[in-house]
Amino acid sequence: MTTLSQTKEIFRRADAVCFDVDSTVIREEGIDELAKFCGVGDAVTEMTRKAMGGSVTFKTALTERLSIIRCSREQVNKLITDHPPQLTAGIKELVDTLHQRSVKVFLVSGGFRCIVEHVATQLNIPLHHVYANRLKFYFNGEFAGFDETQPTSESNGKGKVISMLKEKHGFKNVVMIGDGATDLEACPPANAFIGFGGNVVRQQVKERSLWYITSFRELLKELEKI
């Protein structure tokens with residue numbers, strides 16, 4: 001059984017850190033913002049709460065929410081332009097510090113690649129370090145569903161991504177950081193999990209996290225000990 005001090009040591013020695021995006025790296029839930037923008041906010045927010053609490057499977061929740069939203073390509077582009085995702089305080093400094101220490105940083109998200117790539121660019125994270133769901137559109141820009149082959153569209157999908165990264169790059173210490181049930185499930189194969197409650201506290205995650213933080217400054221402080 002890993003202890004708090006062991007979790008902190010794994011973080012200090014990490015060769016890769018994987019961040020969830022919605023309510024972790026950014027302050028909002030991308031799918032809820034998209035729903036609000038398309039005028040169906042309330043119905044979708046309730047589904048997100050269930051999905052993050054772990055009471056329905058992730059793929060079911062994603063399918064149901066997208067069938068309500070049915071956003072066009074134009075609406076998604078306009079959302080990113082008019083309401084760009086807001087970075088959580090301290091994340092830019094944390095990612096910069098990890099990069100300076102040659103730690104590889106990945107964004108592993110159940111959200112949408114078009115939004116997550118925008119976030120990655122702001123944080124100087126290479127786009128091939130982004131794992132997220134792809135929305136599909138018909139040639140006229142109308143909604144056509146999502147790419148169900150992406151591992152991040154399923155429950156335990158983040159764990160599958162981490163297993164693949166370890167196999168591909170030979171990482172020894174991979175840390176997953178996030179606010180939700182799907183992030184917690186990714187450890188193992190992640191060597192350590194850090195729960196993040198700086199934007200929203202999910203009780204189930206808080207109770208099951210060895211290390212639970214509410215500010216990225218706590219992680220910056222830990223790195224200063226090296």
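**Cysteines and active site**

The sulfur of Cys38 lies 5.4 Å from the closest cysteine sulfur, that of Cys71, which is too far for a bond. Cys187 is in no disulfide either; its nearest cysteine sulfur, in Cys18, is 11 Å away. A disulfide here is a pair of cysteine sulfur atoms within 2.5 Å. The count by this rule is 0 disulfides. Cys187 is partly exposed, because its relative accessibility is 27% (buried is under 20% relative accessible area, exposed over 50%, partly exposed in between, with a 1.4 Å probe and protein chains only).

The model is predicted: local features need pLDDT of at least 70, side-chain atom pairs count only at pLDDT 80 or more, and totals for chains, interfaces and linings use all residues. Residues are numbered from 1 along each chain as its sequence is written, and side-chain values use heavy atoms, with hydrogens and water left out.

Now the active site. An unreviewed UniProt entry lists Asp20 and Asp22 under "active site"; such annotations may be inferred rather than shown by experiment.

Asp20 sits in the loop between β1 (16-19) and α2 (21-25). Asp20 counts as buried because its relative accessibility is 4%. Its side chain makes a polar contact with the side chain of Lys158, at 3.0 Å (a pair of N or O atoms within 3.5 Å; within protein, one must be able to donate a hydrogen and the other to accept it, and residues adjacent in sequence count only if both atoms are side-chain atoms).

Asp22 is in helix α2 (helices are DSSP runs of H or I, at least four residues; strands are runs of E, at least two). Asp22 is buried too, at 9% relative accessibility.
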